[in-house]
Amino acid sequence: QNSYFWKGEMGLSDYNTKDRTVFSVVGLLPFGKGQRWLKSGFGSILAGGWQLSSITTFETGRPWTPKYSANISNTNQLDDRPNYVSGCDPYKGFQTLQQWVNPACFTAPATGTFGNLGRNVLIGPKLFNVDFSVDRTFTITEKIHLQFRAEFFNILNHPNFNLPTTQFDSPSFGALTSAMDPREIQGGLKVIF
């Protein structure tokens with residue numbers, strides 16, 4: 001916000017994630033020829049060869065910065081930030097959909113001045129996501145195979161919210177007003193030859 005005070009621009013990257021854990025599991029169901037159960041017969045044909053896979057992601061929230069839409073500093077950069085109220089915990093008693101941070105922890109700077117709030121000092125909501133797929137490859141001939149695949153993105157339909165409203169002079173400042181994609185399901189057939 002202030003090109004003469006670079007130290008005030010030091011902060012976390014917009015994409016910083018303090019903790020991120022991703023793990024995946026791939027498994028073949030134990031049915032069908034060469035497996036533990038239903039080794040032959042109609043049950044083997046129907047249940048054999050199915051593969052399940054999943055990717056689960058846990059990550060902490062990304063950083064964000066409250067800003068003004070107005071030109072308080074008279075620089076026309078429209079990147080002005082509020083002042084931070086010393087000793088105020090912006091999260092205590094908050095972190096709800098309607099108010100992620102306590103707006104009382106911030107005040108307006110005097111006209112023609114810059115706010116003392118640093119860049120990317122607040123952290124947004126966490127992310128939890130599970131993607132899942134099931135597939136099977138059918139042998140048509142020795143050289144031709146048909147693969148069926150069903151994929152479920154965010155299979156648990158868990159709400160993962162975007163960053164809060166960053167505009168400090170907005171009535172919705174700090175509210176979680178949008179979310180990432182809900183559950184999505186897609187299927188496909190692939191001919192392998």
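## Briefing: core, cross-links and strand pairing

At 4% relative accessibility, phenylalanine 173 counts as buried (buried is under 20% relative accessible area, exposed over 50%, partly exposed in between, with a 1.4 Å probe and protein chains only). This is a predicted model: local features need pLDDT of at least 70, side-chain atom pairs count only at pLDDT 80 or more, and totals for chains, interfaces and linings use all residues. Residues are numbered from 1 along each chain as its sequence is written, and side-chain values use heavy atoms, with hydrogens and water left out.

**Nonpolar core**

- The largest nonpolar core has 13 residues (a core is a set of buried Ala, Val, Leu, Ile, Met, Phe, Trp, Tyr and Cys residues joined through side-chain atoms within 4.5 Å).
- Those with the most contacts inside this core are Trp64, Trp100, Val101, Phe106, Leu122, Phe168 and Phe173.
- Valine 101 touches Trp64, Pro90, Tyr91, Phe94, Phe106, Leu122, Phe173 and Gly174 (contact means heavy atoms within 4.5 Å). That list leaves out residues up to four places away in sequence.

**Aromatic pairs**

- The structure holds eleven aromatic pairs. The ring centres of phenylalanine 168 and phenylalanine 173 are 5.1 Å apart and the planes stand at 80°, so this pair is edge-to-face.
- Rings of Phe, Tyr and Trp (its six-membered ring) pair if their centres lie within 6.5 Å; planes under 30 degrees apart count as stacked, over 60 as edge-to-face and the rest as tilted.
- Phenylalanine 168 is buried, at 15% relative accessible area.
- One aromatic cluster is formed by Trp64, Tyr68, Tyr84, Phe106, Phe168 and Phe173.

**Disulfide**

- There is one disulfide in the structure (a pair of cysteine sulfur atoms within 2.5 Å). Cysteine 88 is joined to cysteine 105, with S to S at 1.9 Å.
- Cysteine 88 and cysteine 105 both lie in the loop between β4 (83-84) and β5 (106-107), so the pair ties together parts that are 17 residues apart in sequence.
- Helices (H or I, at least four residues) and strands (E, at least two) are DSSP runs, numbered from the N terminus.
- The torsion about the S-S bond is about -60°, so the disulfide is left-handed.
- Both cysteine 88 and cysteine 105 are buried.

**Salt bridges**

- Six salt bridges are present (a side-chain nitrogen of Lys or Arg within 4 Å of a carboxyl oxygen of Asp or Glu).
- Glutamate 59 bridges to arginine 20, with the closest N and O atoms 2.6 Å apart. This pair links distant parts of the chain: glutamate 59 sits in strand β2 (residues 50-59) and arginine 20 in strand β1 (residues 20-28), 39 residues apart.
- Glutamate 59 is buried at 16% relative accessible area, whereas arginine 20 is exposed at 54%.
- Lysine 67 and aspartate 79 meet through their side chains at 3.1 Å, N to O. Both lie in the loop between β3 (63-64) and β4, so the pair ties together parts that are twelve residues apart in sequence.
- Lysine 67 is partly exposed, with a relative accessible area of 32%. Aspartate 79 is partly exposed at 22%.
- Arginine 149 forms a salt bridge with glutamate 151, the closest N and O atoms being 2.8 Å apart. Arginine 149 is partly exposed at 27%, whereas glutamate 151 is buried at 18%.
- Asp135, Arg149 and Glu151 are linked in a network of salt bridges.

**Strand pairing**

- β1 and β2 pair in the antiparallel sense over nine bridges (two strands pair if DSSP finds at least two bridges between them).
- The bridge partner of leucine 28 is glutamine 51 in β2.
- β2 also runs antiparallel to strand β7 (residues 127-139), joined by ten bridges. Phenylalanine 58 stands opposite phenylalanine 128 in β7.

**Isoleucine 155**

- Isoleucine 155 is found in the loop between β8 (145-153) and β9 (184-192).
- Isoleucine 155 is partly exposed, with a relative accessible area of 25%.
- Not counting residues up to four places away in sequence, isoleucine 155 touches Val130, Phe132 and Arg183.
- Isoleucine 155 and glutamine 35 are 120 residues apart in sequence and 28 Å apart in space, C-alpha to C-alpha.
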